[in-house]
Amino acid sequence: MRAILDVVLLVLNLYTYVIIASAIFSWLYAFNIINSSNQVIATIGQTLYNLTEPVLRPIRRFMPNLGGVDLSPIALLLGIFLIQNIIMRYVYPNVF
């Protein structure tokens, strides 16, 4: 059972990096720092979008609209950190 919890924690940790990469990529795209007509950049952007949007979309429905500021990745990261702490503090020590 601990092996499964280790895999869950690893996946949550990796998804944290995907969310951060997606946020940074969206800033670079919004400020025209990266060339969106490049096929490699477009593929990376579409992959990051496809990985994060299904989770961020429901969060955006409940969060207030702040104009150009999107706080849904921060809310998702806080949720992931909460789940990781619950697993580490309460679930992991009680598994045999």
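Tutor: Start with a cut-off: buried means under 20% relative accessible area, and exposed means over 50%. Keep in mind that this is a predicted model.

Student: Is T52 buried or exposed?

Tutor: T52 sits in helix 2. Its relative accessibility is 2%. The buried class covers values under 20%, so T52 counts as buried.

Student: Which residues does T52 touch, not counting those up to four places away in sequence?

Tutor: Contact here means heavy atoms within 4.5 Å. With residues up to four places away in sequence left out, T52 touches Y15, V18, I19 and S22.

Student: Is Y17 buried or exposed?

Tutor: Y17 belongs to helix 1, residues 2–30. Y17 is also part of a nonpolar surface patch. Its relative accessibility is 52%. The exposed class starts over 50%, so Y17 counts as exposed.

Student: What accessible area do the residues of that nonpolar patch have together?

Tutor: The members are L10, L14, Y17, I20, I24, W27, F31 and I33. They form the patch on the surface. Their accessible area together is about 910 Å².

Student: What is the phi of N32?

Tutor: N32 lies in the loop between helix 1 and helix 2 (39–62). N32 is exposed, at 65% relative accessible area. Its phi is positive, in a residue other than glycine. The value is near 55°.

Notes. Residues are numbered from 1 along each chain as its sequence is written. This is a predicted model: local features need pLDDT of at least 70, side-chain atom pairs count only at pLDDT 80 or more; totals for chains, interfaces and linings use all residues. Side-chain values use heavy atoms; hydrogens and water are left out. Patches are made of residues with over 30% relative accessible area and no salt bridge: like charges are joined within 9 Å, nonpolar side chains (Val, Leu, Ile, Met, Phe, Trp, Tyr) within 5 Å. Accessible areas come from the Shrake-Rupley method with a 1.4 Å probe; for residues, only the protein chains shown count as cover. A salt bridge is a side-chain nitrogen of Lys or Arg within 4 Å of a carboxyl oxygen of Asp or Glu. Helices (H or I, at least four residues) and strands (E, at least two) are DSSP runs, numbered from the N terminus. Buried means under 20% relative accessible area, exposed over 50%, partly exposed in between (1.4 Å probe, protein chains only).
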